[in-house]
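The structure comes first, then the points by topic.

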Amino acid sequence: MIDTKAGFIAALNLGLIASLWAGPALTDKDVHAIVKFAGGTSTVLARVSILLALWPVLPIERLEKIVGKGSDWAPKYHPVSFYGYMARKSGLPEFDRYRGIRNSMDEVELANEALAQHFLIAHRVAAKSKWVERSGYALFLAFIAMGATLILRISA
């Protein structure tokens with residue numbers, strides 16, 4: 001859901017930029033400097049918002065990027081259901097090795113692995129949510145600057 005929100009915010013930003021620069025509102029030579037400044041500010045804020053929205057959408061395949069290298073349990077942890085770990089530790093011809101790792105776990109270890117996955121996913125979603133929230137604030141400021149641009153352009 002967070003990735004969908006990030007994509008929606010990025011699309012709104014692209015629409016904002018296109019509506020500002022598609023017509024002659026900012027590209028005419030007789031446009032006042034203050035109008036160009038407001039339009040440029042809106043454009044910069046929209047681009048910042050796009051970057052903030054897309055940053056958390058990038059895939060993270062390494063467990064260390066989620067928990068950090070300083071975590072005391074990350075080096076000992078074998079997340080058999082984490083796709084990045086599984087793909088790095090067991091190549092395509094090594095399914096039997098992967099199955100052996102999984103089969104060596106008892107029910108408690110498997111339940112703890114699932115619990116750890118839930119814990120990690122919760123923290124990853126919280127981090128993504130923070131970036132998308134920041135992106136939304138930048139989009140809001142870009143809309144305000146766009147409104148100022150249009151008001152200044154009409155009144156000029």
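The points below are grouped by topic, after a note on the model.

This is a predicted model, in which local features need pLDDT of at least 70 and side-chain atom pairs count only at pLDDT 80 or more, while totals for chains, interfaces and linings use all residues. Residues are numbered from 1 along each chain as its sequence is written, and side-chain values use heavy atoms, with hydrogens and water left out.

**Nonpolar cores**
- The largest nonpolar core has 10 residues: Leu 16, Ile 17, Leu 20, Leu 26, Val 31, Val 35, Ala 46, Ile 50, Ala 142 and Met 146.
- Helices α1, α2 (33–54) and α6 (107–155) each supply at least two residues of this core.
- A second, separate core of 6 residues includes Ile 2, Ala 6, Ile 9 and Val 132.
- A nonpolar core here is a set of buried Ala, Val, Leu, Ile, Met, Phe, Trp, Tyr and Cys residues joined through side-chain atoms within 4.5 Å.
- Buried means under 20% relative accessible area, exposed over 50%, and partly exposed in between (1.4 Å probe, protein chains only).

**Helix α2**
- Helices are DSSP runs (H or I, at least four residues), numbered from the N terminus.
- From first C-alpha to last, the 22 residues of α2 reach 31 Å, close to the 32 Å expected at 1.5 Å a residue; the expected span is 1.5 Å times one less than the number of residues.
- Among the buried residues of α2 are Gly 39, Ser 42, Thr 43 and Ser 49, along with Ala 38 and Leu 52.
- The cover over the buried residues of α2 includes α1 and α6.

**Salt bridges**
- There are 2 salt bridges in the structure, each a side-chain nitrogen of Lys or Arg within 4 Å of a carboxyl oxygen of Asp or Glu.
- One joins Lys 128 and Asp 3 at 2.8 Å, N to O.
- Lys 128 is in α6 and Asp 3 in α1, so this pair ties together parts 125 residues apart in sequence.
- Lys 128 is buried at 14% relative accessibility, whereas Asp 3 is partly exposed at 34%.
- Asp 96 pairs with Arg 99, with the closest N and O atoms 2.4 Å apart.
- Both Asp 96 and Arg 99 lie in α5 (residues 95–103), 3 residues apart, about one turn of the helix.
- Asp 96 is exposed at 54%, and Arg 99 is partly exposed at 38%.

**Surface patch**
- Phe 8, Leu 12 and Phe 143 make a nonpolar surface patch of about 280 Å².
- Leu 12 sits in α1 (residues 2–21) and is partly exposed at 30% relative accessibility.
- Patches are made of residues with over 30% relative accessible area and no salt bridge, with nonpolar side chains (Val, Leu, Ile, Met, Phe, Trp, Tyr) joined within 5 Å and like charges within 9 Å.
- Accessible areas come from the Shrake-Rupley method with a 1.4 Å probe, and for residues only the protein chains shown count as cover.

Note on methods: Contact = heavy atoms within 4.5 Å.
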